[in-house]
Every structure is written in structure tokens, then in C-alpha cells.
Amino acid sequence: MEIKYKKSNSALSVYIYGELDECTASRAKIMLDKLLNDNLNSSKVIFDLSGLTFMDSTGIGLLIGRYKKLKQFNIPLYLSGASVATEKVIELAGLYGIMPKY
């Protein structure tokens, strides 16, 4: 699992690569929390999931946790680039209701 980011204007784009599951979630949480804490001046955050090859319920929990963190600062979180398999997991969990597609 790898996380990269790009700041463009006031938007923060976060690129997640590899697998987001029980084995990688704790490391991803630490990395994402630091990145988000350092960029709380962003107008929006976009998680680009196009490089994600697998995500399970632990990944869903991780996304929800980052959504709650950003919501405290009124920063919207968007999801983009999900593969067909990842998109099914996102839709089943109802994430697009709180984190719209970008």
C-alpha cells in the first residue's frame, strides 16, 4: 500500500495504491491522519482510488474515519476513480451518500 498526494489550489488530492485491508489499514490511518492534519486549510479532499487493487470492510471503516475527521473542519471528502470491484464495496456500504463521486 502506498499513498501519494498533490495540492492544487486549495484542493488536496490523495492517491491510494495497492490494497486497503486489515493488514494495511493501521499504517494507512497514520499516514492519512498526518497528511490531513497538515492540510486542514484545504477546501476539499479527493481520495483517488484508481490505484486501489482491493478494499475490504476495514478500508471502508478507514474512509469513514477520515470523513468524520474532515467533517469537524467542514472540509468535504470526495471519492474518485474506483474500480468496478471497489465501487461495488463502496455502493454496498452507502459511502457515496456521504462522500460523493468526484
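This is a predicted model: local features need pLDDT of at least 70, side-chain atom pairs count only at pLDDT 80 or more; totals for chains, interfaces and linings use all residues.
**Exercise 1.** Describe how helix H1 and helix H2 pack, and state which residues make the contact.

*Solution.* H1 spans residues 25-37 and H2 spans residues 57-71; their axes are 11 Å apart, at an angle of about 20°. Angles under 35 degrees count as roughly parallel, and the two helices are therefore roughly parallel to each other. The crossing of H1 past H2 is right-handed. On the H1 side the contact involves Ala 25, Ala 28, Lys 29, Leu 32, Asp 33, Leu 36 and Asn 37, while H2 contributes Thr 58, Leu 62, Arg 66, Lys 69 and Leu 70. Sorted by class, these are six nonpolar, four charged and two polar residues.

**Exercise 2.** Identify which residues of the largest nonpolar core touch the most other members, and where the core draws its residues from.

*Solution.* The core has 26 residues, and Val 14, Val 45, Phe 47 and Leu 79 touch the most other members. Two or more residues come from each of strand S2 (11-20), H1, strand S3 (44-55), H2 and strand S4 (77-80). Take Val 14 as an example: leaving out residues up to four places away in sequence, its contacts include Ile 3, Tyr 5, Leu 32, Leu 35, Val 45 and Phe 47.

Technical notes. Residues are numbered from 1 along each chain as its sequence is written. Side-chain values use heavy atoms; hydrogens and water are left out. Axes are lines fitted to C-alpha atoms, for helices over the stretch in contact, and angles run from 0 to 180 degrees between N-to-C directions. Helices (H or I, at least four residues) and strands (E, at least two) are DSSP runs, numbered from the N terminus. Angles under 35 degrees count as roughly parallel, over 145 as roughly antiparallel, 65 to 115 as roughly perpendicular and the rest as oblique. A crossing is left-handed if the near helix is turned anticlockwise from the far one by less than a right angle, and right-handed if clockwise. Contact means heavy atoms within 4.5 Å. Ala, Val, Leu, Ile, Met, Phe, Trp, Tyr, Cys and Pro count as nonpolar, Asp, Glu, Lys and Arg as charged, and the others, Gly among them, as polar. A nonpolar core is a set of buried Ala, Val, Leu, Ile, Met, Phe, Trp, Tyr and Cys residues joined through side-chain atoms within 4.5 Å. Buried means under 20% relative accessible area, exposed over 50%, partly exposed in between (1.4 Å probe, protein chains only).
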